[in-house]
Amino acid sequence: MKQLQTWWQSPKQRRQLLTAISGLLILLALVGKYLLNQTNWHNGLMAAAALTAGSDIALRAWHSLRQRHISIELLVTIATVGALVIGEYWEAAAVTFLFLFGAYLEARTLGQTRRILQGLLELAPTTAIVLRDGRQTEVMPHEVLPGEMVLVKPGTKIPVDGEVVDGRSAVDESAITGESIPAEKVSGTAVYAGTVNQAGLLKVKAIGIGADTTLARIIRRVEEAQEEKAPTQRFIERFARWYTPFIILLSGAAILVTRDLDLALTLLVIGCPGALVISTPVSIVAGIGRAAKRGILIKGGEYLENAGKISALALDKTGTLTVGQPAVTDVVVLQTAVAAGANGGTDVMERDKEQVLYWAAIAEAGSEHPLAQAIVAAADSADPIPVADEFETFTGQGVHATYLGHEIGVGTTDLMADLGIAVPTTAQRHLEKQQTEGKTAVLVALDGLVIGVLGIADQLRPTAPEMMRRLQAAGLKKIVMLTGDNARTAQAIADAAGIHDVHAGLLPEDKLNIIRQLQAEGHVVAMVGDGINDAPALATADIGIAMGAAGTDVAIETADIALMTDDLLKIPEALQLSRATLNNIRQNVVIALVTVALLLTGVLLGKVHMAGGMLIHEASVMIVILNGMRLLRTREEIEPGSSLPR
Amino acid sequence: MKTLLRSQDLSCPSCVAKIENALQKLDGVTNAKVHFNTGRIEIEHDPDAAPTAKLVQTVRETGYEAAVAAF
């Protein structure tokens with residue numbers, strides 16, 4: 001009994017119970033009529049079914065009426081009462097049952113689209129183990145204090161945003177980045193709340209806690225995005241606002257003019273613009289939710305619609321197309337005698353290269369210059385780098401150091417001239433060759449002799465050519481590269497990526513002007529940048545896309561589309577998903593409008609009656625929802641590029 | 001105080017105004033916003049005059065189940 005009471009108090013369960021009873025009564029009535037030929041049961045059972053299901057509808061209609069709100073429930077209630085009065089018991093039963101059952105199915109399926117985010121919410125960790133006074137204490141994740149040490153055991157969720165101070169592990173970050181391959185975490189790397197520690201014990205210093213974590217921000221951002229109305233939705237809602245009053249008037253007119261009560265009641269039944277009002281939201285919620293799951297944050301419906309219309313894409317070079325950190329790409333050996341204990345073959349070549357890097361790294365180890373760091377990083381794989389005995393930097397030229405009595409110089413020809421070291425013509429030639437390839441080249445000298453040339457360049461991301469292929473396959477014609485870097489370096493990167501349209505040596509406002517110019521040519525322009533120095537161009541573009549947004553709040557908050565990782569292939573994926581969503585919205589709007597038109601025509605011509613009208617109406621709502629849900633289907637197993645038209 | 005409810009029951013946007021009105025008519029509720037797309041219900045209220053349980057009850061009376069959510 002108590003069970004029944006709690007059931008009754010929950011509107012959802014009560015409705016399910018009423019729907020089931022109503023359906024059962026209808027079934028009994030049909031069995032009675034067609035199998036047992038008991039027509040006199042039939043009407044009574046049908047009326048009972050209508051009253052059972054109708055009671056809940058009438059109750060809700062009454063609640064709305066008290067709020068001075070003419071609801072769809074009220075229209076259905078009037079129609080049902082009317083049908084019972086004129087003796088259309090079957091119609092009354094069918095209308096009320098279909099209305100409740102339809103609403104149940106719709107809420108259930110809509111719930112599934114909403115639940116894609118629920119998945120993210122469930123990722124939120126439930127406990128945290130902190131070290132307090134040297135002891136392990138279990139607390140709620142939001143009770144962790146900033147700066148506290150948190151222990152994360154293998155197989156558990158990381159409870160806070162923070163930095164690893166001890167331990168080594170692989171962490172599944174798919175919740176944040178959409179990347180399924182676990183990320184390697186060692187001392188010094190950042191970790192995010194909600195990601196799963198897979199292998200080892202990690203000691204993490206808490207930085208972001210509770211609502212101040214990347215996960216919480218993503219959820220907030222995604223929900224705000226889903227709630228923001230797309231232009232199509234606003235248009236549809238304006239239409240829908242007039243639709244219901246229009247139908248009520250039409251129904252009134254039908255009684256006055258034709259005295260046809262059946263027609264008037266049927267009009268009331270189809271008075272809800274259900275499929276219309278739901279057509280856009282369902283696609284938007286599904287599209288944005290799906291994108292979020294793949295590490296693509298889209299700011300809102302409007303941006304999703306715009307992104308679906310992109311015809312030109314501008315890419316920033318440094319940090320977007322490239323890794324953003326210089327690395328040694330070429331090692332030229334000029335003095336083969338540097339390697340001690342040479343034993344012939346390619347081995348010697350490798351040994352010599354290592355030696356050039358080794359000596360250069362000793363000299364550069366003390367320097368903070370980015371190029372110095374690239375050299376040290378390149379030499380790191382060989383022997384450990386000793387510390388130089390003496391060290392001196394020449395700003396803009398290079399460094400000079402001594403180690404165990406050896407004199408080392410690394411830098412430009414000017415530096416060599418200052419140090420009194422002759423630069424041979426072969427070295428000069430290599431230097432120039434590297435520079436034409438867009439690289440920064442430095443000379444390495446040991447004890448008064450130039451022993452090698454190092455070429456240093458920012459590295460193109462390996463996925464860049466594949467990204468270009470997919471963008472072009474998707475029919476994106478205009479792809480330009482914008483950079484503040486010099487023309488030679490820019491051209492080298494553009495060639496490697498397969499970009500033909502290059503604008504180099506730009507100031508931030510020049511980038512902005514190029515975006516404006518593209519827009520003036522009639523393009524819908526997207527700009528991909530790192531979110532800070534490209535800010536004006538990102539803001540001017542129709543769609544600003546920020547890369548590697550995990551951990552950088554600014555990008556998550558400001559970019560129209562924020563990609564959580566540095567994966568360039570997310571750009572074509574975001575584009576494709578936006579287009580798919582835009583198409584989905586259009587399909588849904590067409591389905592809804594056509595249904596309304598057909599239904600109205602059918603009713604006015606007397607071809608469609610109450611039960612049929614309700615059935616078609618509810619079916620159209622379901623079709624629209626199911627169509628929207630297609631966007632949720634994972635297509636990871638299919639290469640995103642392969643499904644595009646060639 | 002700001003409280004967030006989540007409902008999985010919203011099936012037609014027509015319910016939005018109904019729930020908002022019912023909540024706003026409560027003493028102690030200064031603002032209520034229903035987001036149909038996500039099923040979120042944001043309420044600004046005075047927890048003494050309008051406790052959270054009362055909010056859930058009010059939404060329930062309009063015919064929809066909702067539960068308090070952390071974020």
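Tutor: Two residues are in contact if their C-beta atoms, placed from the backbone, lie within 7 Å. In this predicted model, local features need pLDDT of at least 70 and side-chain atom pairs count only at pLDDT 80 or more, whereas totals for chains, interfaces and linings use all residues. Residues are numbered from 1 along each chain as its sequence is written, and chains are lettered from A and ligands numbered from 1 in the order in which they are written.

Student: How many residues of chain B are in contact with chain A?

Tutor: On the chain B side 23 residues take part, and they are in contact with 28 residues of chain A. Helices (H or I, at least four residues) and strands (E, at least two) are DSSP runs, numbered from the N terminus, and in chain B the elements giving two or more residues to this side are helix H1 (15-24) and helix H2 (52-61). The largest share, four residues, comes from H1(B).

Student: Which classes of residue make up the side of chain B that touches chain A?

Tutor: Ala, Val, Leu, Ile, Met, Phe, Trp, Tyr, Cys and Pro count as nonpolar, Asp, Glu, Lys and Arg as charged, and the others, Gly among them, as polar. On that basis, the side of chain B that touches chain A has seven nonpolar, ten polar and six charged residues.

Student: Why is chain A called more spread out than a compact globule?

Tutor: The radius of gyration is taken over C-alpha atoms, and the globule rule is 2.2 Å times the number of residues to the power 0.38. Chain A, which has 23 helices and 22 strands, has a radius of gyration of 34 Å, well over the 26 Å that the rule gives for 646 residues, so it is more spread out than a compact globule. Along the principal axes, its C-alpha atoms fill a box of roughly 115 × 65 × 45 Å. The C-alpha atoms of Thr80(A) and Val387(A), 307 residues apart along the chain, are separated by 91 Å.

Student: In what order do the strands of the open sheet stand?

Tutor: Two strands pair if DSSP finds at least two bridges between them. The six strands of this open sheet in chain A run in the order E12-E17-E16-E15-E14-E13, with antiparallel pairing. Strands E12 (322-333) and E13 (390-394) of chain A stand at the edges, each with a single partner strand, so one side of each is left without a neighbour in the sheet. Within the sheet, E15 (residues 406-411) and E16 (residues 440-446) of chain A pair over four bridges, and Gly411(A) stands opposite Leu443(A) in E16(A).

Student: Which strands does helix H14 of chain A touch, and how is the helix directed?

Tutor: Axes are lines fitted to C-alpha atoms, for helices over the stretch in contact, and angles run from 0 to 180 degrees between N-to-C directions. Helix H14 (residues 370-379) of chain A packs on the sheet, touching E12, E16 and E17 (449-460), and its direction makes about 65° with that of E12(A). Helix H16 (residues 425-436) of chain A also touches E12, E16 and E17, but its direction makes about 5° with that of E17(A).

Student: Is Leu404(A), with its positive phi, buried or exposed?

Tutor: Most residues other than glycine have a negative phi. Phi of Leu404(A), however, is near 50°, and this residue lies in the loop between strand E14 (398-403) and E15 of chain A. A residue is buried if 20 or more other C-beta atoms, placed from the backbone, lie within 10 Å of its own, exposed if 12 or fewer, and partly exposed in between. Leu404(A) has 8 such neighbours and therefore counts as exposed.
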